[in-house]
Amino acid sequence: MIQSRDAFEARLRQIGAERYHDLHPFHHMLHSGGCSPDQVRAWVVNRYYYQHSIPMKDAAFMSRVEDASMRRKWRKRIEDHDGTDANEGGIRRWLRLAEAVGLDPDYVASCRGVLPATRFAVDAYVRFVREKTLLEAVSASLTELFAPKIHANRIEGLLKNYEFADDNSLSYFRNRLKEAPIDVAFGLAWVLDNADTLEKQDAAADALIFKTDVLWAQLDALAAAYVEPARVPPGAWRPGDGAPGMGGGLSETG
């Protein structure tokens, strides 16, 4: 039997409570100040690949949407990341974070040092959105339901524990506190309206689970390469790569 609208929303939120990557040990280490400067740099390098792929994911989605009103609403997501004349955009803000932690922004933007598993996971997400139903594609974006909490915790933890953290370097996260709730309000309502059979509800829930797996896999890759067993794959970022300012900006405060 199809779930009621409230019960289905509760089911989606429970997926986040159980599977969102704020539960990953790497994030606990990062937010508590337990990461070394090079572990923070590795995170910045690899997370950039996800950030820079989001507008391509959204463009692929929009290319399949025939409803002009929905395209207009979705276009904001691309502008939030790519920027406009009035908004520098999330990608540029992430590169300012990269510079603050002692990395060359051009090196980070090249994506040369990205872990193979990070690339594989993010590319799989872009393909998912390009190839699956619109309902599944929108459902996968609903990890934004859980993002404000992790952004708030990240801002607090980084400011407390790392010298590089200030309003300039953390502007990406502060802006997402305002942008993500707008995006997810539309996306959640759209999924709840269009998942009008049990089969569609199951597909939407599975899509959200897939997206949480994509995010979790990226942190697993980081932990394996730079924490334990600290086995960096060939071609991935290593300390000293793309970091002309290695000496400044990233010592722990405590």
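Student: What are the ground rules for the model and its numbering?
Tutor: Residues are numbered from 1 along each chain as its sequence is written, and side-chain values use heavy atoms, with hydrogens and water left out. In this predicted model local features need pLDDT of at least 70 and side-chain atom pairs count only at pLDDT 80 or more, while totals for chains, interfaces and linings use all residues.

Student: How does the reach of helix H3 (residues 37-62) compare with the expected span?
Tutor: Helices (H or I, at least four residues) are DSSP runs numbered from the N terminus. The expected span is 1.5 Å times one less than the number of residues. H3 has 26 residues, and its reach from first C-alpha to last is close to the expected 38 Å, at 38 Å.

Student: Where in H3 does the kink lie?
Tutor: The bend at a residue is the angle between axes fitted to the seven residues ending there and the seven starting there. In H3 the kink is about 30° and comes shortly before the proline Pro-55, at Ser-53.

Student: How many residues of H3 are buried?
Tutor: Buried means under 20% relative accessible area, exposed over 50%, and partly exposed in between (1.4 Å probe, protein chains only). H3 is largely enclosed by the rest of the structure, because the buried residues among its 26 number 21.

Student: Are H3 and H5 roughly parallel or antiparallel?
Tutor: Axes are lines fitted to C-alpha atoms, for helices over the stretch in contact, and angles run from 0 to 180 degrees between N-to-C directions. The axes of H3 and H5 (residues 90-100) come within 10 Å and cross at roughly 170°. Angles under 35 degrees count as roughly parallel, over 145 as roughly antiparallel, 65 to 115 as roughly perpendicular and the rest as oblique. H3 and H5 are therefore roughly antiparallel.

Student: Which residues of H5 meet H3?
Tutor: Contact means heavy atoms within 4.5 Å. From H3 the contact takes in Trp-43, Val-44, Arg-47, Tyr-48, Gln-51, His-52 and Pro-55; from H5 it takes in Ile-91, Trp-94, Leu-95, Leu-97 and Ala-98.

Student: Which elements do the buried residues of H4 pack against?
Tutor: The buried residues of H4 (residues 68-82) are Met-70, Trp-74, Arg-77, Ile-78, Asp-80 and His-81. They pack against H3, H5, helix H8 (134-140) and H10.

Student: Where does H10 kink?
Tutor: The end C-alpha atoms of H10 (residues 171-194) are 35 Å apart, which agrees with the 34 Å that its 24 residues should span. The kink in H10 is about 35° and lies shortly before the proline Pro-181, at Leu-177.

Student: Which residues does Leu-222 touch, not counting residues up to four places away in sequence?
Tutor: Leu-222 sits in helix H11 (residues 198-226) and is buried, with a relative accessible area of 3%. On that count, its contacts are Phe-26, Ala-42, Trp-43, Asn-46, Leu-115 and Val-227.

Student: Is Cys-111 buried or exposed?
Tutor: Cys-111 lies in the loop between helix H6 (105-110) and helix H7 (116-131), and its phi is near 65°, a positive value in a residue other than glycine. With a relative accessible area of 7%, Cys-111 is buried.

Student: What is the relative accessible area of Ala-230?
Tutor: Ala-230 is found in the segment after H11 and has a positive phi of about 60° although it is not a glycine. Ala-230 is partly exposed, with a relative accessible area of 43%.

Definitions and conventions:
Helix = DSSP H or I, 4+ residues; strand = E, 2+ residues; numbered from the N terminus.
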